[in-house]
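My notes are below the structure.

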Amino acid sequence: MKLVNRIALGLACAMAGSAFADTTLTVYTALEADQLKAYQQKFEEENPGIKIKWVRDSTGIITAKLLAEKANPQADVVMGVAASSLLVLEKEGMLQGYAPKGVDKLSKAYVDSANPPAWVGMDVWGATICFNTVEAAKLGLKKPESWHDLTKPEYKGRIVMPNPASSGTGYFDVSAWLKVFGEKDGWTYMDKLHDNIAQYTHSGSKPCKQAAAGEFPVGISFEYRAAKLKEGGAPIDLVFPKEGLGWDVEATAIMKGTKNADAAKKLADWSASRSANELYEKNFAIVAMPGVAKPNAHIPGNYEQLLIKQDLKWSATNRDKILAEWTKRYDAKSEPKK
Amino acid sequence: MIALRAGGRIAADRSQQVAAGLLWLLAAALVLGLALPLAAILGKALTGDDGRFAGLAQFAAIVGEARFWDAVSNSLAVSLTTTMIVLPLAYVFAAALTRTCMPAKPLFRALALTPLLAPSLLPGIALVYLFGNQGLLKAWFPDGSIYGFWGIVIAEVFFTFPHALMILVTALSVADARLYEAATALGAGRIRRFVTVTLPAARYGLISSALVVFTLVIVDFGAPKVIGGQYNVLAVEVYKQVIGQQNFPKGAVIGMLLLLPAVLAFVIDHLLQRRQRALLTARAQPLVVRPQAWVDVLSTVACAAIGGALLVIIATAVAAAFIRLWPYNLSLTLAHFDFDNMDGGGWAAFYNSMKMALATSVIGTLMVFGGAYLAEKTRAAPVARQLLKLLAIIPMAVPGLVLGLGYILFFNNPANPLHFLYGSMTALVLCSVMHFYTTANLTATTALKQLDAEFEAVAASLKVPFWTTLWRVTLPVCLPAMLDIARFYFVSAMCTVSAVIFIYTPDTVLASVAVLNMDDAGDTAAAAAMATLIVAASALICLVFSVASWWLSRRTQAWRIR
């Protein structure tokens, strides 16, 4: 009897709950798990009645998931996903252009040029090498200064980098090398680098975490994870290779056909607001709103100048082709060749 | 008088009707949770991108890729090597448990079965800390060579050892003493007796355990995912295609191919078991084991070494969970249990797993036992009974990865009226119940077969409906077997990764999946922490079940003693 009562009560609650529920936005994201909470809290605090449900994975996987669900999209908003991925979705006609309140206050370089913009940038994340000084001293490794240094034989089996097919960080590394070295020399460079790579990881954070743990002394990663780990006491130095750093913009976009358009716009508005940018600033050296970023002890003040000149549209248009070639060359190998 | 008899017949008819209804209901559940998802995979594998029938075109395309054959040969190499290592180890251990007077047998037995409490990801994580570049014993595998072939093999040896052991213990615990006496009388030495008597008698057990180990390894993707490095195997390839590229047709095709070795092993095993029954005769004399100092000492040493190695792997993962920053800061911390600030789903994942495992345990036990009872003990609905028996043996041959993939393809189809189940806890529970159905069903059937069919015959002639017999006679007698099934379901559901990796959603993320995701994100220590929690929860439940089983058998099994 008691059980029956309890079930009845539960059902009643569930029904009442759905009748008066807040709007729940399904938001696909590639943001780091340790960033999500702060963003969600602040947004929900400023927008009572709207709740965020995150679906989180690496950039490549979120992109593949969104593309696979094209016929029947599950996401209302995409937030914190690489602009080069969002441009792929835009090409497929999956995004709903929207100019958030105050979008004119953001740097033009980090907002889609279309009107209304299909995506609006939040922050920039770029390549950084995590270099474990303790292990390097044991192994007699010199600190690399350039991307080309990494192809020296002394680093054989000492380097980890993210798989570009699954990781946004991995993808901008590869696209930057092709851009800076040229298509032909870029692949030649990666052939040589491949000989020194111990593992390609699933996520962009893992190489730096492995470097921090000394598992592999050199990890190709990005500046937020590197600075965070160094702050936490890991014996790593951050290296910014002198040929220039690949980068991408973490951006927000609304999915076409969302049933929660109003709430989705609220989230897009918030993502472009000063209060959101102040949260991004805690994690990133460059944010979309000029003048908000503060210097970070572990990241040089001229970080923005170290980034390469890059055309995100080119990265997006060639994404399929580049990833197919990369997978053919390096992922199919069961073991590092030669 | 006539009225009374007619009344009895009506009661008996109703009993038959109820039994038939239940049988059809269970058969329908198995069709829904097993047959249709499998059919969905086959359909997907045969359908092209454009939605038209493509025949074997997609198989041909994949078989033409060098990458595929790399994965095939890697999978075969890993599976064969693991089998060749596990068999002798498990044989020695099983022989020590059954054929010697080694001390502390229950302890060794328990130690050898502990890997059953852990997901296959755990040995992978432990090996990083043992043999990785910062491992305690890194000199054994210099320059990260643990990532790859040997890493996978060692992890799989850990993972499959108890499975091989259980089969071999059963095979070795029956022996005909007369054969040994005859051999000794004819002057056969120890080795000759082993080759001519022991091995032939155990050969079915050996083949059976070899097949089980081979199949478990070739379909497992937990260990190669964590410790495989760039060494690509088929199971990981399915995962990469489905999760990484969302390429469902390709995943379905490789999944179908992965079904081949499992089905083949299953068929061979069944054919052999049929032959084995003729082996033991009614006149066989049980073998009495006598103490032999040097054999017992050697056995103890061997079992201590093997058990110790298994223990080291678990202990390493547990230790890793509490160390702040291996190898630079060895202070102890609970920081890695702060799952809510990490990838993987947070503490919710652990609670979800507990809920899922409990539900699987309760529903699975009721379903399996009910099904086995109705199929064995009633004569209602012959078609449904045969269907149920047939479907019940299929899960053994279906890798979890394939079943999970079938669930997405079947339930995530918007045209399916059961679409609402997609991603729900119900789907996860149903999938787990199905995935482990065969083993549970074998336990139930064996227990039921111990009961004479007379009970039902007498009940029928007394016009007692079947549920009265079930409640008064069958259930009390079969309680220990039911507890076994419930425990098996709980522990298996707690540890499974492969069956659920495709069908969880952010709301229903599970602990074993969290282990995988945290390792993917580089939070190895947190992954170890979650794996530790899984082992602890499984161990606790096993303990609870042992106590319950002891208490219940005192109350219900007293008749066995006399």
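**Conventions.** I am working with a predicted model, in which local features need pLDDT of at least 70, side-chain atom pairs count only at pLDDT 80 or more, and totals for chains, interfaces and linings use all residues. Residues are numbered from 1 along each chain as its sequence is written, and chains are lettered from A and ligands numbered from 1 in the order in which they are written.

**Confidence, chain A.** I looked up pLDDT (the predictor's confidence in each residue, from 0 to 100). The average for chain A is 90, and 92% of its residues score at least 70. I count two residues as in contact if their C-beta atoms, placed from the backbone, lie within 7 Å. Residues 334–338 of chain A also stay under 50, but for these the model has 13 contacts beyond four places in sequence.

**Chain B against chain A.** I found 33 residues of chain B in contact with 37 residues of chain A. On the chain B side, helix H3 (66–99) and helix H10 (234–244) each supply at least two residues. Helices (H or I, at least four residues) and strands (E, at least two) are DSSP runs, numbered from the N terminus. The largest share of that side, 4 residues, comes from H3(B). I noted its make-up as 12 nonpolar, 15 polar and 6 charged residues. Here Ala, Val, Leu, Ile, Met, Phe, Trp, Tyr, Cys and Pro count as nonpolar, Asp, Glu, Lys and Arg as charged, and the others, Gly among them, as polar.

**UniProt record, chain B.** The unreviewed entry lists "domain: ABC transmembrane type-1" for residues 72–269 and 350–545 of chain B. UniProt positions are given in the numbering used here, feature names are shortened, and annotations may be inferred rather than shown by experiment. Residues 72–269 of chain B are 76% helix and 0% strand, with the end C-alpha atoms 23 Å apart. For residues 350–545 of chain B I have 74% helix and 0% strand, with the end C-alpha atoms 20 Å apart.

**Domains of chain B.** Chain B divides into domain 1 (1–51 + 337–562) and domain 2 (65–333), with bounds from an automatic or database domain assignment. Their C-alpha centres lie 25 Å apart. Between them, 35 residues of domain 1 of chain B are in contact with 38 residues of domain 2 of chain B. On the domain 1 side, H21(B) gives the most, with 11 residues. That side divides into 26 nonpolar, 6 polar and 3 charged residues.
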